[in-house]
Amino acid sequence: MSQLDNEIKIFALNSNKPLAKSIADTVGVELGKSDVKRFSDGEIQINIDESVRGKDVFLVQSTSAPVNDNLMELLIMIDAVKRASAKTINLVMPYYGYARQDRKTRAREPITAKLVADMLQAAGATRILSLDLHAPQIQGFFDIPVDNLMGAPLLADYFLSHGLEKDAVVVSPDHGGVTRARKLAEFLKTSIAIVDKRRPKANVAEVMNIIGDVKGKRAIIIDDMIDTAGTITLASQALIDAGATEVYASATHAVLSGPAIQRLNDSPIKKLILTDSINQPEEKQLSKAELVSVGPLMGRAIKFIIDNQPVSPLFDTRFQK
């Protein structure tokens with residue numbers, strides 16, 4: 001047992017145990033001993049098999065599908081470690097579910113991202129460590145510290161390691177992702193382009209035109225998430241039509257719901273670079289996809305937090321394991 005094992009505990013819930021193990025390995029501790037099971041009527045049962053009294057506890061859980069089950073698991077686990085006298089309760093949420101419901105767009109609509117923030121705090125969370133929140137302003141929904149890491153330094157390392165920055169242009173699939181695209185472009189030392197699209201209704205995107213020069217270049221699309229893949233596949237075709245030689249796509253969160261797999265397989269995207277923020281079942285694994293683990297990045301952030309060091313260096317430099 002390391003000295004850190006006496007100070008902190010990292011527990012994995014059910015959403016992404018392989019990622020939790022990677023995070024714990026980076027920090028240099030063993031995963032905490034706990035069980036998350038179901039009673040016969042479907043209610044969640046949690047047992048913690050070691051003391052957390054006076055410890056800094058880190059709970060690793062992406063609130064991805066099944067989002068409500070994973071969220072409830074997390075809330076119950078927070079309550080369990082709070083009642084067991086944990087010193088601090090730090091939530092490691094690589095993917096924050098309900099993040100797209102961050103504002104009212106029509107009358108009588110909820111702001112569910114704020115509701116989730118309130119629930120986590122009411123349960124007893126004292127810090128949030130997340131990755132590429134869909135809307136950065138979600139940090140303001142909390143009255144506790146929120147560290148929102150970026151996937152761009154990690155994705156940049158992949159493209160640079162494979163020499164793909166040459167004759168490339170980084171592409172934002174919409175106007176809202178320009179800041180993210182600019183950050184990746186800074187790492188790769190390339191120009192950027194923007195896909196101007198109109199979304200007639202939820203989960204339906206229509207590409208209009210390309211802002212920027214992509215002719216004769218390798219286009220690298222970056223987005224925070226791929227859900228039904230309508231946006232990114234239409235963007236990839238629009239880039240080919242505008243003269244791009246080939247298209248690579250990257251995203252931090254692979255939600256991959258509905259027709260996403262079929263759309264991506266049928267698209268002109270040559271390679272899809274994703275992170276493991278969401279654990280993928282076998283039926284959602286793509287032959288053209290490559291996974292980059294966020295475990296070392298989030299583990300490094302936890303070590304900075306433990307040592308009371310700033311996490312800002314993880315934003316500004318290419319992340320190499």
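A: Begin with the names of the elements. Helices and strands are runs assigned by DSSP, at least four residues long for a helix (H or I) and at least two for a strand (E), and they are numbered from the N terminus. By that naming, E43 is in the loop between β2 and β3. Keep in mind that this is a predicted model.

Q: How many bridges join strand β2 to strand β3, and which way do the two strands run?
A: Strand β2 covers residues 34-38 and strand β3 covers residues 44-48; they run antiparallel and are joined by five bridges. Together β2 and β3 make a hairpin, with five residues between them.

Q: What is the general idea about side chains in a strand?
A: Along a regular strand, side chains alternate between the two faces of the sheet.

Q: What should I note about G42 in the turn?
A: G42 has a positive phi of about 95°. Its relative accessible area is 40%, so G42 is partly exposed.

Q: What are most phi values and peptide bonds like?
A: Phi is negative in most residues other than glycine, and most peptide bonds are trans. Departures from that pattern deserve a look.

Q: Which peptide bond is cis, then?
A: The bond from A65 to P66 is cis, with omega near -5°. P66 sits in the loop between β4 (56-60) and α2 (67-83).

Q: What about the phi of Y98 and of D132?
A: Y98 is not a glycine, yet its phi is positive, about 70°. This residue is in the loop between β5 (88-93) and α3 (112-123). D132 has a positive phi too, near 45°, and is likewise a residue other than glycine. The loop that holds D132 runs between β6 (127-131) and β7 (146-149).

Q: Are Y98 and D132 buried or partly exposed?
A: The cut-off for buried is under 20% relative accessible area, and partly exposed lies between that and 50%. Y98, at 26%, is therefore partly exposed. D132, at 10%, is buried.

Q: Where is F11, and is it buried or exposed?
A: F11 is in strand β1 (residues 8-12). Its relative accessibility is 0%, so F11 counts as buried.

Q: How far apart are F11 and Q61 in sequence and in space?
A: They are separated by 50 residues in sequence, while their C-alpha atoms are 9.0 Å apart. Sequence separation and distance in space should be read as two separate values.

Q: How do I read an open pocket, and what is the volume of the second largest pocket?
A: Ask for its volume, then its lining, then its place. The second largest pocket has a volume of about 350 Å³. It is lined by 16 residues, and those closest to its centre are S64, A65, Y95, R100 and V255. The lining is made up of seven nonpolar, seven polar and two charged residues.

Q: How many cavities of 30 Å³ or more does the structure hold?
A: The structure holds one. The space in the largest cavity is about 30 Å³. Among the residues lining it are Y95, D132 and H253. By class, the lining has six nonpolar, three polar and one charged residues.

Q: Which residues does UniProt list as "active site" and "binding site"?
A: Treat these as record entries, here from an unreviewed one. UniProt lists K197 for "active site". K197 is in strand β9 (residues 191-201), and its relative accessible area of 14% makes K197 buried. One "binding site" feature in UniProt is placed at R199, D223, D227, T228, A229, G230 and T231. Of these, A229 is in the loop between β11 (218-226) and α6 (230-241), and at 4% relative accessibility A229 is buried. UniProt also places "binding site" at D41, G42, E43, R100 and Q101. These span 61 residues in sequence and their farthest two C-alpha atoms are 31.0 Å apart, so they do not all gather at one spot. R100 and Q101 are part of the lining of the second largest pocket.

Notes
Residues numbered from 1 in each chain as written. Predicted model: local features only at pLDDT ≥ 70, side-chain atom pairs only at ≥ 80, totals over all residues. Heavy atoms only, no water. 1 Å grid on protein atoms, 1.4 Å probe; cavity = no way out; pocket = protein on both sides within 12 Å on 5 of 7 lines; lining within 4 Å. Points joined across faces, edges and corners; volume = space filled by probe spheres on them. Nonpolar A, V, L, I, M, F, W, Y, C, P; charged D, E, K, R; others polar. Pairing = 2+ DSSP bridges. UniProt positions renumbered as here; feature names shortened; annotations may be inferred. Buried < 20%, exposed > 50% of the residue type's maximum accessible area, 1.4 Å probe, protein only.
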